[in-house]
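Welcome to this structure. Here are a few friendly notes to read alongside it.

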Protein chains: 2
Amino acid sequence: MGQKEKAFIGLDLGGTFLKYALGTGDGTILHKGKLPSHGSQSADAIFNVMFQAVAELLEKAEKEGVEVGAIGVGSPGAIDFNTGRVLGNTPNLPLWTNADIRGRIQEKYHIPVYADNDANIAILAEARFGAAKGCPNVVGLTLGTGIGGGVVINDQLFRGAGFSGAELGHMTINFQGPKCGCGSSGCVEAYASATAMVRNYKEKLAARHMPLPERLNTELIFAHARSGEEEAMQTIDEVCFYLGVAIGNIINIFNPEIIVIGGGVADAGDAFITRIWQNVDGHVLTAAQSIARLVRAELGNNAGVVGAIALAADSYKAWHM
Amino acid sequence: MGQKEKAFIGLDLGGTFLKYALGTGDGTILHKGKLPSHGSQSADAIFNVMFQAVAELLEKAEKEGVEVGAIGVGSPGAIDFNTGRVLGNTPNLPLWTNADIRGRIQEKYHIPVYADNDANIAILAEARFGAAKGCPNVVGLTLGTGIGGGVVINDQLFRGAGFSGAELGHMTINFQGPKCGCGSSGCVEAYASATAMVRNYKEKLAARHMPLPERLNTELIFAHARSGEEEAMQTIDEVCFYLGVAIGNIINIFNPEIIVIGGGVADAGDAFITRIWQNVDGHVLTAAQSIARLVRAELGNNAGVVGAIALAADSYKAWHM
């Protein structure tokens with residue numbers, strides 16, 4: 001009687017910013033914001049930014065007349081979903097090693113806290129509210145500085161025995177290939193991340209004694225390709241081939257209904273996605289390919305907070321049904 | 001009151017033989033047998049062999065004073081677990097295409113029938129009663145003429161959206177590698193199946209103008225390696241390298257507690273498993289590797305029927321709890 005509508009808080013921690021939002025279980029965002037995460041100061045500094053975000057969102061919830069049922073947090077690193085703690089170290093956020101995300105936030109706000117890896121919650125967001133809405137079996141690939149992966153099986157996030165599964169960027173597609181940052185060789189990440197793409201393009205320019213543009217990034221490569229530059233076009237052809245091989249593997253392994261490509265490179269557009277899909281042909285078992293689709297992520301920069309809200313809403317429901 | 005103990009029937013269909021057994025939910029086999037499967041005659045001929053096996057096992061159950069709760073069937077091909085039908089074609093058993101396994105057996109015996117892919121039930125057997133007993137997250141690789149895969153996640157068989165997931169043998173580990181029977185290139189199967197191993201060994205002998213032994217198989221290669229023959233030792237070294245790369249990928253992707261190697265080649269012994277594991281080093285993320293173990297399958301030729309019994313027992317329990 002008179003029970004308030006439930007809302008959820010989503011926090012998406014990155015090395016530079018903490019994004020945060022208040023939303024409902026159907027993915028509607030009521031309020032959102034962004035603060036510097038102070039990742040290079042200390043874990044306490046990061047927690048203080050999180051506290052500031054939560055306080056702001058609780059105030060908004062009060063004004064909106066909704067009650068916050070749970071807080072979801074997406075964080076870099078392997079996160080023990082059962083305890084809400086970071087497992088071991090987080091290379092891109094070294095001071096965050098072993099952080100007790102659930103413990104610290106729950107202690108302060110007495111609201112249930114659920115934490116998971118940032119790549120996981122991004123694909124959860126797409127599966128619940130984005131490009132893969134309605135699909136029980138989803139694989140996500142995020143193409144950025146590195147390549148992240150996330151997998152949803154029968155509507156549930158797949159995490160692995162040690163909460164470090166779905167490292168799809170570190171699947172070797174050529175054991176004779178280039179060294180990867182992880183120490184292995186020929187990983188998808190070493191071939192098809194934004195970093196690899198820029199390196200590949202630079203090598204092509206250098207080989208032809210062409211000048212290197214300033215501030216070289218994948219956007220510029222796509223722009224040059226559109227203007228017909230041979231080296232840029234070749235670079236994109238090659239990345240489509242590598243991703244075709246990788247996605248062929250992913251389809252043979254996971255037999256999903258849908259594969260969602262996210263990250264900056266995916267913003268290159270649907271033509272890029274179509275060319276990747278053409279390159280899957282010949283690298284996949286036909287029965288599995290016939291039920292699979294390749295699409296672009298839809299939620300963009302919001303995927304993190306929306307996924308954190310979805311995580312909170314899912315976990316809340318699991319306890320209140 | 002006076003209710004009989006439940007037992008389960010397991011049928012394991014292969015191209016040459018149908019293996020069958022009566023067992024209890026704890027994996028104990030009460031009776032087992034083997035009949036030619038008549039796979040080259042007709043689907044009806046195969047069903048008649050299945051009926052003969054079921055009739056024999058029902059008689060044994062009667063004598064043992066146990067009641068058969070369900071029938072589990074392992075079959076080649078992709079099997080729709082929800083309907084118990086073969087999906088599409090079965091290359092190694094062409095007449096079995098689209099066979100209605102559940103429909104035909106249930107119609108005759110009025111006992112619930114559950115069917116699944118043979119590689120899936122073999123790894124289910126190892127997870128329930130064999131080398132991976134007690135592990136919730138298990139990956140199985142069966143090294144034979146081809147390379148089959150099976151995955152258990154949180155104690156449940158992973159099947160994929162179209163029941164054709166976990167085709168781990170068709171993961172490309174070198175897109176510049178040899179053509180695979182599936183049409184792709186550089187699949188694990190093209191590098192490390194028994195077939196590939198024999199081919200690789202033959203090529204080495206031929207290159208050195210050495211005579212080809214008659215009836216060449218992997219057992220012989222291992223025997224020659226033990227006697228110190230260079231070509232055989234190299235062949236095994238190479239297969240260990242390829243499997244090391246593949247298992248590194250599998251660990252990065254699935255983050256399992258345990259990987260179980262089965263099939264004829266695995267009978268080469270624990271030293272072979274140890275050498276494969278050494279080759280995983282350098283091809284894997286250390287956090288995931290640190291919780292994983294690589295072991296030999298334990299159930300051998302019984303894995304199929306024991307897995308079919310486990311499938312029947314699991315499914316029976318799911319309906320009676």
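How many residues does helix α3 of chain B have, and how far does it reach from its first C-alpha to its last?

1. Helix α3 (residues 118-129) of chain B has 12 residues and reaches 16 Å from its first C-alpha to its last. That is close to the 16 Å expected at 1.5 Å a residue, where the expected span is 1.5 Å times one less than the number of residues. Helices (H or I, at least four residues) and strands (E, at least two) are DSSP runs, numbered from the N terminus.

2. A word on the source: this is a predicted model, in which local features need pLDDT of at least 70, side-chain atom pairs count only at pLDDT 80 or more, and totals for chains, interfaces and linings use all residues. Residues are numbered from 1 along each chain as its sequence is written, while chains are lettered from A and ligands numbered from 1 in the order in which they are written.

3. Is α3(B) enclosed or open? Since 12 of its 12 residues are buried, α3(B) is largely enclosed by the rest of the structure. Among the buried residues are B:Asp118, B:Glu126, B:Arg128 and B:Phe129. (Buried means that 20 or more other C-beta atoms, placed from the backbone, lie within 10 Å of a residue's own; exposed means 12 or fewer, and partly exposed is in between.)

4. Now look at where the chains meet: 39 residues of chain B are in contact with 39 residues of chain A, contact meaning C-beta atoms, placed from the backbone, within 7 Å. On the chain B side, α7 (230-254) and α9 (286-290) each supply at least two residues, and the largest share, 6 residues, comes from α7(B). This side divides into 19 nonpolar, 18 polar and 2 charged residues. (Ala, Val, Leu, Ile, Met, Phe, Trp, Tyr, Cys and Pro count as nonpolar, Asp, Glu, Lys and Arg as charged, and the others, Gly among them, as polar.)

5. Chain B superposes on chain A by a rotation of 180° with 0.0 Å of shift along the axis, at an RMSD of 0.1 Å. The two copies are thus related as by a two-fold rotation axis. Within chain B, B:Asn174 comes closest to the axis, at 1.9 Å (C-alpha). Because 100% of the interface residues of chain B are also interface residues in chain A, the copies meet through the same surface.

How values were computed. Two residues are in contact if their C-beta atoms, placed from the backbone, lie within 7 Å. Copies are superposed by least squares on the C-alpha atoms of residues with pLDDT of at least 70 in both.
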